[in-house]
Structure formats: structure tokens, C-alpha cells
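Morning, everyone. One structure today, and I'll keep it brisk. Please have a look at the screen.

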Amino acid sequence: MANKAAESRSFNVPLIVVVALLPLLAGLIWYANKRGSEPAAVPGVASADAKAYVQNLKLSGVEMKATENFAGAAVVEIVGNITNAGDRSIARVELSCIFYDVSGLVVLKERVPIVRSPLPPGETKPFRLPFEGVPQSWNQALPSLVIAQIVFS
């Protein structure tokens, strides 16, 4: 009789654990399916309006700094200001930052946002762009900064 009670208890413990873990497993499956069904973020193509408006956005005070992160790896940081000299409010601006080697070949091209909140006409905002993992073959010069996307407010 004691054996039956011990068998009954040992059977109940794994069953309780499985029942307790089922909601967690279901949540993980739901999350994986939801995340997998979302379309990958694709950089937008600048509209004709945005291409025409580029001349109204001015970059100034652009400087490059090299620092080290807490792990001792090199971090290239580009800081500066962007001014909206046009007559439209801007919600988002993205730059393509293109790093070259000494031969003029592209070693890194990264698209990054420099305006993430409204930039009204006539206003200036600072920006800071940190880059980790820039290839050692980089020529150590300021990368090309090209306005790749403008989204109007």
C-alpha cells in the first residue's frame, strides 16, 4: 500500500509541472509566430517631395571622435547639428553613413536616424551617431553622410 502512495505522488509531481509549464510554452509559441509574421523593416525610398526638400536640411558642426567602450573596443562617434531651413515640419531624417578604406572602397555602410521627433521649420537639433565594429581597414576619415530619408510631420 505504501508503494501505491509513493507511485501516486511521483506521478502527480511531473503532471503538475507539465500543467504549470503549458501556458508558458503556449506564450512562447505565440510570440515566435507573431514575431515571425511581422515584415522585415525595409529602409524606405525617399519620395519626390523628400528629394526636393533635401536642400533645406543643413548639417553643421559635424565632428568625429574615437573613444573606447567599457569592453575596450573602439567606438567611432559622429556628432553635429541638423537645421531645418525649409517651411515644413520634419518627423524623421535618416542618414546613410559610408565608411571607405584607403583605396576608396566601401568598408561599411549604415543607415541611421538623426531626427526622431518633430523638427519644426527654422529649428536646429544636435545628433550623435556611435558606430562600433568599424573595420580596421577604414581610412580614419569622416565618412560620407548622405540624407537617405525624410518623413514629414
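First, a term we need: pLDDT is the predictor's confidence in each residue, on a scale from 0 to 100. We need it since this is a predicted model. Averaged over the protein chain, pLDDT is 82. A score of at least 70 is reached by 71% of the residues.

Next, the overall layout. The protein chain contains two helices and six strands. In sequence order the pattern reads α-α-β-β-β-β-β-β. The chain has 153 residues, and 27% of them are buried. The accessible surface is about 10,300 Å². Carbon and sulfur atoms account for 60% of that surface.

Now the sheets. Let me start with E1-E2-E5. This is an open sheet of three strands in that order, with antiparallel pairing. Which strands stand at the edges? They are E1, residues 57-68, and E5, residues 124-132. Each has a single partner strand, so one side of each lacks a neighbour in the sheet. On average, neighbouring strands here are turned by 20° against each other, direction ignored.

Look at the pairing inside that sheet. E2 covers residues 74-84 and pairs with E1 over ten bridges, in the antiparallel sense. One place to check on screen: Glu-68 stands opposite Ala-74 in E2.

Buried, exposed or partly exposed? Its relative accessibility is 30%, so Leu-59 counts as partly exposed. The cut-offs behind that call are under 20% for buried and over 50% for exposed. What does Leu-59 touch, leaving aside neighbours within four places in sequence? Its contacts are Asn-81, Ile-82, Leu-95, Ile-114, Phe-127 and Leu-145. For a distance to check, take Leu-59 and Asn-84. They are 25 residues apart in sequence, and their C-alpha atoms are 9.3 Å apart.

On to the other sheet. Here three strands form an open sheet in the order E4-E3-E6, with antiparallel pairing. E4 and E6 are the edge strands, and each pairs on one side only. Neighbouring strands of this sheet are turned by 20° against each other on average, direction ignored.

How many bridges join E3 and E4? There are eight, in the antiparallel sense. Within that pair, Ser-96 has Arg-111 in E4 as its bridge partner. E3 and E4 also form a hairpin, with five residues between the strands. In that hairpin, Gly-104 takes a positive phi near 90°. On the E6 side, E3 pairs over eight bridges, again antiparallel. There, Arg-92 stands opposite Val-151 in E6.

Now the interior. In soluble globular proteins, nonpolar side chains tend to be buried together. In this model, the largest nonpolar core has 25 residues. Which members touch the most other members? Phe-99, Leu-129 and Phe-131 do. At least two core residues each come from helix H2 (48-53), E2, E3 (90-100), E4 (106-115), E5 and E6. E3 gives the largest share, five residues.

Take Phe-99 as the case to inspect. Residues up to four places away in sequence are not counted here. Its contacts include Val-76, Ile-78, Phe-131 and Trp-138. Leu-105, Val-106, Val-107 and Leu-108 are also among them. Val-134 and Pro-143 are on the list too.

Last stop, Pro-135. Where is it? Pro-135 sits in the loop between E5 and E6, and E6 spans 144-152. At 27% relative accessibility, Pro-135 counts as partly exposed. It touches Val-107 and Leu-108, not counting residues up to four places away in sequence. Pro-135 and Val-107 are 28 residues apart in sequence, yet 6.7 Å apart in space, C-alpha to C-alpha.

To recap: two helices, six strands, and a largest nonpolar core of 25 residues. Over to you.

How values were computed
Residues numbered from 1 in each chain as written. Predicted model: local features only at pLDDT ≥ 70, side-chain atom pairs only at ≥ 80, totals over all residues. Heavy atoms only, no water. Helix = DSSP H or I, 4+ residues; strand = E, 2+ residues; numbered from the N terminus. Buried < 20%, exposed > 50% of the residue type's maximum accessible area, 1.4 Å probe, protein only. Areas by Shrake-Rupley, 256 points an atom, 1.4 Å probe, with all protein chains shown as cover. Pairing = 2+ DSSP bridges. Axes fitted to C-alpha atoms, helices over the stretch in contact; angles between N-to-C directions. Contact = heavy atoms within 4.5 Å. Core = buried A, V, L, I, M, F, W, Y, C linked by side-chain atoms within 4.5 Å.
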